[in-house]
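Hi everyone, thanks for coming. Let me put the structure up on the screen, and then I'll walk you through a few parts of it.

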Amino acid sequence: MKLKQLISLGLITATSVTVTILAAPPAQAMHIMEGFLPVTWAIFWWILFLPFFWLGLRSLNQITKDYPELKLLLALAGAFTFVLSALKIPSVTGSSSHPTGTGLGAVLFSPLIMTVLGSFVLLFQALLLAHGGLTTLGANAFSMAVVGPIVAYGLYGLVLQVSGRQTVALFLAAAVANLITYVVTSLQLALAFPAPEGGILSSFIKFAGIFAITQIPLAISEGLLTVLVWNWLVTYSQEQLQVLQQIKPKSL
């Protein structure tokens with residue numbers, strides 16, 4: 001990256017983060033709010049999430065040790081996720097709708113590395129912005145930082161192989177990763193709070209239907225923004241992208 005481009009991107013990111021922090025209303029949920037899930041379900045999602053986080057830490061440690069020149073791109077992926085996921089719209093009681101920003105990092109690096117970045121984003125937002133919480137961090141991280149990146153990475157590779165169009169593959173990866181995050185969140189809420197009539201399925205349809213009103217346009221917007229950032233990287237970060245292309249199979 002050239003120095004001028006780094007400075008411009010850094011200023012944009014810093015300004016966005018500052019505005020997000022100052023504009024954030026207090027105590028609204030980031031996905032699922034603190035204390036909203038029953039203890040048994042909160043523990044269950046923590047147990048599912050932790051193995052992915054541990055594997056991601058190993059991958060992240062290895063890539064930063066072997067390729068320190070990629071640290072700036074890692075920071076960019078984390079900042080992109082932080083800014084987008086902090087722009088929330090109140091939705092189902094105890095939750096919220098917002099972009100996730102995980103598709104870019106998953107495609108650039110790997111789902112496991114994005115699990116770590118996304119988890120730290122969720123932790124910082126819980127502590128600094130009162131979005132979400134610590135007891136529900138396992139559930140929120142599993143939906144946004146585990147399932148979302150895995151789907152984004154797999155879909156990107158599939159669409160790219162079938163169509164050969166990178167921008168289409170990237171758009172779909174980012175948009176669908178956003179949507180699948182809320183499918184999982186709807187399932188988490190439905191499992192914890194089944195409807196008196198119709199049970200888990202009825203509750204899932206209700207939660208997913210409410211999320212869809214705001215999440216579909218947000219997913220489309222996130223896909224377009226991700227493509228714009230990718231084009232910026234292709235223009236100014238060819239060397240780093242070439243390094244990533246060579247090492248990506250090792251960082252899964």
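Let's start with contacts, meaning heavy atoms within 4.5 Å. Among contacts in the protein between residues at least 6 apart in sequence, 80% join residues at least 24 apart.

Some ground rules before we go on. This is a predicted model, where local features need pLDDT of at least 70 and side-chain atom pairs count only at pLDDT 80 or more, while totals for chains, interfaces and linings use all residues. Residues are numbered from 1 along each chain as its sequence is written, and side-chain values use heavy atoms, with hydrogens and water left out.

Now the overall layout. The protein has 9 helices and 2 strands; these are DSSP runs numbered from the N terminus, with helices being H or I of at least four residues and strands being E of at least two. Of its 252 residues, 48% count as buried. Buried is under 20% relative accessible area, exposed is over 50%, and partly exposed lies in between, using a 1.4 Å probe and protein chains only.

The unreviewed UniProt entry lists residues 107-130 and 137-156 among its "transmembrane region" stretches. UniProt positions are given in the numbering used here, feature names are shortened, and annotations may be inferred rather than shown by experiment. In the model, residues 107-130 are 83% helix and 0% strand, with end C-alpha atoms 29 Å apart. Residues 137-156 are 100% helix and 0% strand, and there the end C-alpha atoms are 27 Å apart.

Is Ser143 buried or exposed? Ser143 is buried, with a relative accessible area of 0%. Leaving out residues up to four places away in sequence, Ser143 touches His31, Gly148, Thr181, Val184, Thr185 and Gln188.

For contrast, look at Leu128 in helix H5. Leu128 is exposed, at 61% relative accessible area.

Last stop, helix H9 (residues 238-247). Its buried residues are Gln240, Leu241, Val243, Leu244 and Ile247. Seen down the axis of H9, those buried residues fall within an arc of 160°, so they line one face of the helix; the arc is that of the directions from the helix axis to the C-beta atoms. As a reminder, an α-helix has 3.6 residues a turn, so residues three or four places apart point the same way. On the other side of H9, Glu239, Gln245 and Gln246 are exposed. The cover over the buried residues of H9 includes helices H2 (39-66), H3 (71-86), H4 (102-108) and H8 (199-236).

Thanks, everyone!
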